[in-house]
Structures are given as structure tokens and as C-alpha cells.
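I opened this entry to look up how the strands pair and how the chain crosses between them. Notes follow in the order I took them.

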Amino acid sequence: MIRLFVSGASGNVGRLVVREAILRRDVELAGGFCLEGGQDLGVLAGTDPLGLMAVSDLRVGLAASSPDVVVDFTSAVVLRDHLELYAELGLDAVVGTTGLPEEEIRRVRDRVRDRGLRLALISNFGLGINLVMDFLAAVGEHYPYVSVLERHPASMANAPSGTAGLLASSVPGGSSGEVASREVLPGVLGGNAFGVPVLSQRMPYPGPYSEHEVTLGRQDEILRISVTDFSSSVYLEGIFRAVRGVGALPPGTLVRRLGEFPKE
Ligand SMILES: NC(=O)C1=CN([C@@H]2O[C@H](COP(=O)(O)OP(=O)(O)OC[C@H]3O[C@@H](n4cnc5c(N)ncnc54)[C@H](O)[C@@H]3O)[C@@H](O)[C@H]2O)C=CC1
Ligand SMILES: O=C(O)C1=N[C@H](C(=O)O)C[C@H](O)C1
């Protein structure tokens, strides 16, 4: 039985993780943190009251509940502090929160290695995106032109999405095809992630909505593939795969994609 603590227990994803932890037999809900605090975790998750309250002080909550694994779906604003706290406490962590710059993730990787920690820092737990990443790794070398476009609700905290960066990083060699266009409007060709142009579009889409489109090009051929997710429930299967797998990783391991976990 894995004792699980959920950071971001009142959020779109966190609430579903709490609910799933309550329902599953292989996991025991140890506790939860959210900004608001004070609410019953069962009520937050839409089930019967559990008598287990969400806390608004993460350090206190973790000390009181002694979890085996912490899952984090909070905010980029606190991600750095949360990762430091999990490291300080030596906790196995599954983190879906995005928005940490790559140079900082490199420092996190060093800390994980030096302190013998186990961390899954995965920008997208959805099946479709993970399949596309595997596909890009396999075929990307055949396509010199690559572009990533992502669409999210106007309320999305960051641009680009963490997933857009992950998709860009999946293409070996990035986008090497020559583009002659001079940017008359600075940035109009997109930001650069791992040598791949990335474009973000924000619209008032209702509810959790996530769309990623990757376009690959070579002479006389364009290959376009897109994944659209309409609910945060698409992430649950992958999150719990990581929850089950993180404790079995060798100490000092940082995992960035679901595919890095051994097949179950
Ligand atoms: N890796 C993945 O597959 C996915 C990642 N995400 C990412 O996960 C994060 C959370 O997403 P949602 O659940 O949609 O967010 P949300 O806004 O619905 O929930 C955020 C949660 O974190 C807490 N929180 C917010 N700001 C905070 C702060 N400053 N300090 C402490 N706690 C704070 C809130 O109380 C709430 O419980 C975002 O970074 C999002 O991009 C979202 C979906 C899938
Ligand atoms: O905030 C979201 O909604 C999402 N965030 C993740 C990201 O930043 O990539 C995953 C997905 O795009 C939904």
C-alpha cells in the first residue's frame, strides 16, 4: 500500500488524484495540501467526507502524514520551493506542475543525482501526448522541419505549455530546415524550444482544455499530428503509473517522460 500525499488537492487535476486515491486499493490517501486548506479531502474530491482535512501549510502536512509518495499539481509560482521541500524531506515525488525553465530543471537533475532522490517531473501524463513523443523520437530525424502549436484556455498560467517543450525536446536534432522569412513582427515565427519553433494560442475554451499540434515537414511532404484533451481525467492513468513506479527507480533518478518507467 502506497501512502500518497496530494499537493494541489483542490485543483482540476489534484481533486481527481484525491478521488482516485480514495477509490484505489493499492493506494492510501495520507493527506493533501491546497492554498485554501481546511476542507475535507473527500468533499473536495466529490465523495463522502473522510474526516481528513486539506492543510494550507505543506511542510506541516507532510510532517504530520509521513507519506511514501507526494503528487504535485500546483503552480509554477511555488514549484521551486515545493521541489526543494520534497528533496529536503527525501520524499519520492511525482510532479505534474509545469513552468520551470529548462536551466533550472538541469539544477534539479543535479540535486536529485547528488542526494540520491527519486523524482518524476513529467509535463504531460496523457496517453496521446506520450505516444506522440515516442513517435517523434522514432521518426523525427526524417523531417528537417518541425513546429509545435499549442492551444489552451486564456486562464492558463504559462506560455508555452510544458508539454510543448517536451514535444520539441522529443525530436532528435530539432528543426534544421532553412526558413528564409525575416520576422517583420518580432517573435511571429514562434519561440525557440530545443531548436524547434513553438507557438502558443490562448482562447476562452471552457473547462480544462489542452491541444497540441506537431507539424513535421520534408520535401513535398507534410505530416501533421494533434492531440486534444477535454478533461483532466486523461492524466490519471499516467499519474498512477508514476506513483506505482517512482519508488522502484534507482536512487538519483529524474524521469521526464512516462516512457522512462519500465513496462509493468
Ligand atoms: N503534467 C500534466 O499532465 C499536467 C500538468 N498540469 C499542470 O499542473 C498544474 C496545476 O494544474 P490545475 O490542476 O489545472 O491547476 P488549478 O489551478 O486547478 O489547481 C491548482 C492547485 O494548486 C494550488 N495552488 C495554486 N496556486 C498556489 C500557490 N501560489 N501556492 C500554493 N498552492 C497553490 C491550489 O490551491 C489548487 O489546489 C499547472 O502547472 C498545470 O499546467 C495540468 C494538467 C496536466
Ligand atoms: O494547465 C494545463 O491545462 C495543462 N498543463 C500542462 C502543460 O503545461 O503542458 C499539460 C497540459 O497541457 C494541460
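I call a crossover right-handed if, with the strands pointing away from the viewer, the path from the first strand over the helix to the second runs clockwise. Helices (H or I, at least four residues) and strands (E, at least two) are DSSP runs, numbered from the N terminus.

This is a predicted model, where local features need pLDDT of at least 70, side-chain atom pairs count only at pLDDT 80 or more, and totals for chains, interfaces and linings use all residues. Residues are numbered from 1 along each chain as its sequence is written, chains are lettered from A and ligands numbered from 1 in the order in which they are written, and side-chain values use heavy atoms, with hydrogens and water left out.

I started at strand E3 (residues 69-72). Val69 and Val71 point one way, Val70 and Asp72 the other way, and all are buried (under 20% relative accessible area, 1.4 Å probe, protein chains only). In a regular strand the side chains alternate between the two faces of the sheet.

Next I checked the partners of E3. I count two strands as paired if DSSP finds at least two bridges between them. E3 runs parallel to strand E1 (residues 2-7), joined by 4 bridges. Here Ser7 stands opposite Asp72. Strand E4 (residues 92-95) is also parallel to E3, again over 4 bridges, and Val94 faces Val71 as its opposite number. With helix H4 (residues 76-89), E3 and E4 make a right-handed β-α-β unit.

Then I turned to strand E2 (residues 27-33). I found 6 of its 7 residues buried. E2 pairs with E1 over 6 bridges, in the parallel sense. Leu29 is the bridge partner of Leu4. From E1 the chain crosses through helix H1 (residues 12-23) to E2, and this β-α-β crossover is right-handed.

Conventions. Buried < 20%, exposed > 50% of the residue type's maximum accessible area, 1.4 Å probe, protein only.
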